[in-house]
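Subject: Structure handover

Hello,

Here is the structure we talked about passing on. Please look at it first, then read the notes below it.

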Amino acid sequence: MELDESEFYNQLLDYHNILYLCHRNADPDALGSAFALKEAIGGIVGVVDGCDRVASQIAKQLNIEFVINPADNFDLVVVVDTSTLTQLNAFQLKNYAVIDHHATTSLNENAVFYLHQNRSSTAEIVLRVLNSMGAPIQRRAAFALIAGIITDTGNFKHASSDSFKAVAELIDLSGIEYGEVMDIISSIPQDVSMRIAFLKAAQRASIEKVDEWIIVTSQVSSFSGSAASNLVSLGADVAFVASQDGDIVKVSARARKCIINAGVNLARLMEEISVNFKGTGGGHEGAAGMDAYGDAESILASCAGHVKASLMKSRQA
C-alpha cells in the first residue's frame, strides 16, 4: 500500500517495536534517514554488515547507536534507502515497510506499506515526513540528514532544487553551518586499499569508443562503486566495475550527466540485465548497481552492449 508522507508517519505511530534497517555497507543517507526517523518516532537503527567509512565517522561524531546484523524479532521493520532484497543479505523480511528514493525498487510489492519517491536522497523524503506532522528535528538528526543529502548527491553534482531547499531548511532549523558537515565528510582520508583498487581498475580497464562516447569496464576485488566513480572522473562517460563475492558478481555503474541526457538510464539498465543473470539490480539514472550470477566478463559485456543499444535508440528517435 503506497502512502503519502503524513499517512506514512501515522502508520509508524501504530507500532511500538520498530527496526529501521539500512542496507549493507550503509552510507550516510541510509544511516542519517534511519536515525532521524528513530529520533522522531522511537525504535532501533540496524545496519547490515556495518557502515561505510563516511557513515561510520558521522555515527562516531554524532554518537549514533546502531545494531549490526540485528535479529528479526520486531513488530515492524522499516527498510530505509534500499532498493533490492540482496542488499539486506540474509535478513528475513516479514512485516515490513519501505521508505526509499531510488528510481526502481523490488521491495514495495510485498511491503505492508511504503513511501517511494524518485528524489536525490532518502533524507529529503524523511524531512518531508517529519514536516508533514510537525515533528521536531533536533540538531543531531538535522546534521545526519544534511550529510545524507550532500553525499548522495555527490556534493550536489546530482542534486535537484529540492535538495538545496532541504539543506537550507535544515540549516535554518538547526543552526548548523554547512562547513561543519563538510569538515567531517572531507576529513576522512582514502585508505591504501581503496587507492590500490582505483589504480587496478584503471590498469584493467577495457575502453570502447562509440561515436563521441567512452564506455569503460573493469574489475576489482573491492570498492567497485568508488572505482567506477573514479573512472568517470578520469574521462569515462559511463563506467561499469565488477567484483566477485563468492558466487555473486557485484557490478557498480556510474555515468556522466551528458550520457544520461543521451538516453542511458543505469537504474533501468541494471534492473534489466540482472534478470538475465538471475540477480537483482537498480539505483539511479547515473549511479546504480546489481548482484548477479555468472561470468564477470559476460556480465560487463552485456552492460556495455545495453549502453550502446540505448545510445543507438536515442540517436534514431
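Thr280 stands opposite Asp291, a residue of strand S12. The two strands S11 and S12 run antiparallel and are joined by four bridges; strands count as paired if DSSP finds at least two bridges between them. Helices (H or I, at least four residues) and strands (E, at least two) are DSSP runs, numbered from the N terminus.

This is a predicted model, in which local features need pLDDT of at least 70 and side-chain atom pairs count only at pLDDT 80 or more, while totals for chains, interfaces and linings use all residues. Residues are numbered from 1 along each chain as its sequence is written, and side-chain values use heavy atoms, with hydrogens and water left out.

The sheet

S11 and S12 belong to an open sheet of six strands with mixed pairing, in the order S7-S8-S9-S10-S12-S11. Strand S7 (206-210) and strand S11 (280-283) are at its edges; each has a single partner strand, so one side of each has no neighbour in the sheet. On average, neighbouring strands of this sheet are turned by 15 degrees against each other, direction ignored (axes are lines fitted to C-alpha atoms, for helices over the stretch in contact, and angles run from 0 to 180 degrees between N-to-C directions).

Salt bridges

A salt bridge here is a side-chain nitrogen of Lys or Arg within 4 Å of a carboxyl oxygen of Asp or Glu. By this rule there are 11 salt bridges.

Asp291 takes part in one of them, with Arg24, where the closest N and O atoms are 2.6 Å apart. This pair links distant parts of the chain, 267 residues apart: Arg24 is in the loop between strand S1 (18-22) and helix H2 (28-41), and Asp291 is in strand S12 (residues 287-293). Both Arg24 and Asp291 are buried (buried means under 20% relative accessible area, exposed over 50%, partly exposed in between, with a 1.4 Å probe and protein chains only).

Lys250 and Asp245 form another salt bridge, 3.8 Å from N to O. Lys250 is buried at 15% relative accessible area, whereas Asp245 is partly exposed at 43%. Arg24, Asp245, Lys250 and Asp291 are linked in a network of salt bridges.

Glu39 and Lys38 also meet in a salt bridge, at 3.1 Å from N to O. Glu39 is partly exposed, with a relative accessible area of 34%, and Lys38 is partly exposed at 26%.

Regards
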